[in-house]
Every structure is written in C-alpha cells, then in structure tokens.
Amino acid sequence: MATCVRLGAAAKVPLLGLGTWKSPPGKVGAAVMAAIDTGYRHFDCAYVYQNENEVGEGIQQKIKEGVVKREDLFIVSKAGEELFPTDDKGMSIPSNTDILQTWEAMEELVDAGLVKAIGISNFNREQTERILNKPGLKHKPANNQIECHPYLSQEKLINYCQSKGITVTAYCPLGRPDRAKPENPSLLDDPKIKEIAAKHNKTPAQVLLRFQIQRNVIAIPKSVTPQRIVENLKVFDFELNKEEMATLLSLNRNWRICEMITCKNHKEYPFNAEY
C-alpha cells in the first residue's frame, strides 16, 4: 500500500498528516515533535489556527537535532494573513475579491518558487470547475481539502476531484471527538465501526483513517496526545475488505460538523450545492 500520493509533477504528499486545527498553544509544539519522532512528515497548518509559530518551533527543533531535513517535510498552510472579520451579529464580512483573482495571486507563489503546489478547500464542484475553466490557467488545483468521514462520505465530490487529477484531503476524518454532545453522533462509538475495528484488532480511529487511505484520500487527524499520535500512524498494516468499505460508505447521512454558519451570507458559501 502506497503511503504517499503525487501532487501533480511537483511533489509527493504523505497520505497521513498531523492536523493542528484547535491544537492548543503550549501543547502543539510538543505534539509536532512527537509526531516527527514517530514518523509523520506531513503537517497541516493555517495562520487562522493561531498556533503556526509554535508548530514552526517544533519543526525547527527537530531539524536542529538532525531528525529530519526541511525537504523531508510536507507542510500545508492556508491563504489569509488575518482572522475572518465579523459584524456585530457574528456573521463574517465577505470580501469582494473573486476566487479567480485569489487563484492568480496564488499562482504567482508557485512561479516564484515559494510553494510547491497550490490547492483549494471546501470548494464544491461548480467552484472547482470555475478554476479549471479559467482562461489562462497556469497551475490547476493540486488538492481540495474537505470535511470527510463515514457520516459525510463525499463520494461524488471525491470522484469528481480525482477524475480531474485533484487529490483530496479529509479534515475531521474522526468526526470531532471533542464535540460529541449528546445530540451529535460520535463516529468512534458507532457500533458498526467498532465491530470492524474489533475484527482487525484495531481502534475505531484507525479504521476511520484506513477508510480514507483506501480511497486514496489524505487524512489529517488532529491530536496532541503522544499515544494517539503513534496509534493514528499504524494504519498501513491492515486492509478493509470490500464489504467493510461498503458498510462504512453506507453510514453516510450528509452530517456536516463544520457548517461554517458564520459564512452562510457569503455569495460563495459552498454547501448549498449537492456536491
């Protein structure tokens, strides 16, 4: 089983990375260092997560120690150097910039050698097509990062992206264990997922990550717990059979954790489309 996927001609990206969204400052640096020691080479970051400095310090420390070289690591960040501005009702204040203008600015980063590849996040099919059909397109999106897990299986969007040579990254691949309120379903407690896990002598989390990897989808589970960071990487030594994959896909209920409610007034709000 491959442990990486190609991002166009430019780069290879490990199928498993460490997510850092909601990883608290004071803990995320140690988590990054533990992850590098464990074998992680892919880190998913963003300025808006407000912890990139500490992520960088953890990486620098491991480079200093000679554990890794910078070229061994695949580091993802997101466009935007400011937090999303909101109005007095807490709704985001949309920018008038068109996504095609933003894409042109990102293409310049590739041409300048500042990034290996550029991608999109939370884009639906129509928005993705707008970029692919852009006159004078220099660099097509290498990746679309979307929420994905068995309760939001995203089959149509994943098939579409992969048919266009766009890799897919699943965020929240374990659901959101920290948000399992009584009214919110918990993937890790789902009886069918637990049953599959028991059969393979694996944890439900490992089954959820393996589910993505077998679809050639990159997964970026977030953890600051060393034991879980190690556990989440142990997904390349077993395989789910066709029936198990079908069972996991059958759990889809189009349940979205990250609805981005504060952006519902934005003209580009992506989640009103079927996919």
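**View 1. A nonpolar patch on the surface, formed by Leu109, Leu114 and Val115.** Together these three residues have about 250 Å² of accessible area, a value from the Shrake-Rupley method with a 1.4 Å probe, where for residues only the protein chains shown count as cover. Patches are made of residues with over 30% relative accessible area and no salt bridge; nonpolar side chains (Val, Leu, Ile, Met, Phe, Trp, Tyr) are joined within 5 Å, and like charges within 9 Å. The model is predicted: local features need pLDDT of at least 70, side-chain atom pairs count only at pLDDT 80 or more, and totals for chains, interfaces and linings use all residues. Residues are numbered from 1 along each chain as its sequence is written, and side-chain values use heavy atoms, with hydrogens and water left out. Leu114 lies in the loop between helix 3 (99-111) and strand 6 (120-121); helices (H or I, at least four residues) and strands (E, at least two) are DSSP runs, numbered from the N terminus. With a relative accessible area of 62%, Leu114 is exposed. Here exposed means over 50% relative accessible area, buried under 20%, and partly exposed in between (1.4 Å probe, protein chains only).

**View 2. The packing of helix 6 (residues 191-200) and helix 7 (residues 204-213).** The angle between the two helices is about 95°, and their axes are 8 Å apart. Axes are lines fitted to C-alpha atoms, for helices over the stretch in contact, and angles run from 0 to 180 degrees between N-to-C directions. Helix 6 and helix 7 are therefore roughly perpendicular to each other; this word covers 65 to 115 degrees, while angles under 35 count as roughly parallel, over 145 as roughly antiparallel and the rest as oblique. From helix 6, Ile193, Lys194, Ile196 and Ala197 meet Pro204, Val207 and Leu208 of helix 7, where contact means heavy atoms within 4.5 Å.

**View 3. The salt bridge between Asp44 and Lys78.** A salt bridge is a side-chain nitrogen of Lys or Arg within 4 Å of a carboxyl oxygen of Asp or Glu. Side chains of opposite charge can pair when their charged atoms come close. The N to O distance between Asp44 and Lys78 is 3.0 Å. This pair links distant parts of the chain, 34 residues apart: Asp44 is in strand 4 (residues 42-44), and Lys78 is in the loop between strand 5 and helix 3. Asp44 is buried at 3%, whereas Lys78 is partly exposed at 25%. The structure holds eleven salt bridges.

**View 4. The salt bridge between Glu104 and Lys134.** The closest N and O atoms are 3.0 Å apart. Glu104 belongs to helix 3 and Lys134 to the loop between helix 4 (125-132) and strand 7, so the pair links distant parts of the chain, 30 residues apart. Glu104 is partly exposed, at 40% relative accessible area, and Lys134 is buried, at 8%.

**View 5. Two residues with positive phi, Gln154 and Asn254.** Gln154 sits in the loop between strand 7 (143-147) and helix 5 (155-163), and Asn254 in the segment after helix 9 (242-249). Gln154 is buried at 11% relative accessibility, whereas Asn254 is exposed at 59%.
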